[in-house]
Amino acid sequence: MILELMIALTAGAAMFGTGLYGALSQTNLVMIIMGVELILAAALVNLVAFWRYLHPEEPAAQMFVLIIMAVMAVEMTVGFGIAIARFRSRGSVEMEEARELKG
Amino acid sequence: MTVQMIFLVFFGGAAVWFGIVVFRTHSMVRSALALLFSQTAVGLMFLVMQAEFLGVLQIMMMATEMSVMAIFMVMFMMDPGGMGAMDMTHQKRLSLWAGGIGLAAALAVIWLADWGPIGTDIPGAAQQTADLGRELLGRSMFIFQSVGLTILTAMVAATMVAIAPAKEQPK
C-alpha cells in the first residue's frame, strides 16, 4: 500500500465532497463557482498524486494538470460573464431568483 | 512516517479545512480568502510531491484568480461583510447527502483498490519542466492548442455576454 498516495487521494476526495456540497447548497452564483473550483482542485490533487506515485516517467499526466487549470479559468470567466449579465438585468446573482431559466 | 507524509497530511488537512471554511463563514471576503488559502495549500502539496513547476504555477494562478473573485464578491453581494448573517443556502440536507455519498464512494475506491507498484524514478525539476515542454509541443500539441482556443473563445463569449445591450436610437 502506498500511504502517501492514499493521503493525497483522501485529501482530494474530502475536497471533492466539500465542493459538491457547496455547489449544490449555495444560492449565490459566485459561491457556486467557488464550489466548482474546489471540485476541480480535487481533480488537480489526484492527477499530481497519480503522476508522482504511479507514473513519474509520464509527462502527459502533468499536461492534464495544465488542462484542468485552463478549465478552471474558463469556468470562472464564463461564470462571471453570466453573473455580470444577470446583475445588469435583475440586480442580483441569487440563483433562487433565476427560476425562469428552468425549461 | 516519512517527512513527505507529514507535510502531505498537514497541507492536505489545511486544503480541506479552508475548503470547509469557504461555506461556513458569512463574510464573502473571508470566503474568497479561505478559498485562496485552500488553493495555496494544494499548490504546496504539489511542491511536497516534487512537482515544482506545477506547484509554483498553482500558487501564482490561484492568487490572481481568487483576488479577482474577492473583487466580484464585494461587487455583487448584498452583504459582502457578512454583518447581517444572511442565510444564502438551500436544499442543505440534499447537498450534505450528495457530498457525503461522493466522499464515501471516493474513499471506498481509494482504500480498496490495488494501485500497483510505486514509481521510484522521479525526474529532477529541470528535467520535468523540459519533458512537459516537449510533451506540450510534441505529442499533445493538438490538445494544448485546443485548450488555448477554448480560453480565447470563453474570453470573447464572456465579454459579449457581459457587455450592456446597446439602447436603440429613436427614429
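Predicted model: local features only at pLDDT ≥ 70, side-chain atom pairs only at ≥ 80, totals over all residues.
Helices here are DSSP runs of H or I with at least four residues, numbered from the N terminus.

**Stop 1: chain B on its own.** Hide the rest and colour by secondary structure. From the N terminus on, the elements read α-α-α-α-α-α. That's six helices and zero strands. The radius of gyration of chain B is 21 Å, well over the 16 Å the globule rule gives for 171 residues, so chain B is more spread out than a compact globule. If you colour by burial, 28% of the 171 residues of chain B count as buried. As for contacts in chain B with a separation of 6 or more, 58% of them are between residues 24 or more positions apart.

**Stop 2: chain A, coloured by confidence.** Chain A has an average pLDDT of 89, and 98% of its residues score at least 70. Pick out helix α1 (residues 3–25) of chain A, which has the highest mean pLDDT among the elements of that chain, at 94. Then select helix α3 (residues 60–90) of chain A, which has the lowest, at 90.

**Stop 3: α3 against α3.** Now show side chains. On the α3(A) side, select A:Gln62, A:Val65, A:Met69, A:Met76, A:Phe80, A:Ala83 and A:Phe87. They meet B:Leu54, B:Met61, B:Glu65, B:Phe72 and B:Phe76 in α3(B). Sorted by class, the residues of this α3(A)–α3(B) contact are 10 nonpolar, one polar and one charged.

**Stop 4: α2 against α2.** Next, select helix α2 (residues 29–53) of chain A and helix α2 (residues 28–48) of chain B. Their axes come within 10 Å and cross at roughly 5°, and α2(A) and α2(B) are therefore roughly parallel to each other. From α2(A), the contact uses A:Met34, A:Glu37, A:Leu38, A:Ala41, A:Leu44, A:Val45 and A:Val48. From α2(B), pick B:Ser31, B:Leu35, B:Ser38, B:Gln39, B:Val42, B:Met45 and B:Phe46. Colour this set by class and you get 10 nonpolar, three polar and one charged residues for the contact of α2(A) with α2(B).

Technical notes: Residues numbered from 1 in each chain as written. Chains lettered and ligands numbered in written order. Helix = DSSP H or I, 4+ residues; strand = E, 2+ residues; numbered from the N terminus. Rg over C-alpha atoms; globule rule 2.2 N^0.38 Å. Buried ≥ 20, exposed ≤ 12 C-beta atoms within 10 Å, placed from the backbone. Contact = placed C-beta atoms within 7 Å. pLDDT = per-residue confidence, 0-100. Nonpolar A, V, L, I, M, F, W, Y, C, P; charged D, E, K, R; others polar. Axes fitted to C-alpha atoms, helices over the stretch in contact; angles between N-to-C directions. Parallel < 35°, antiparallel > 145°, perpendicular 65-115°, else oblique.
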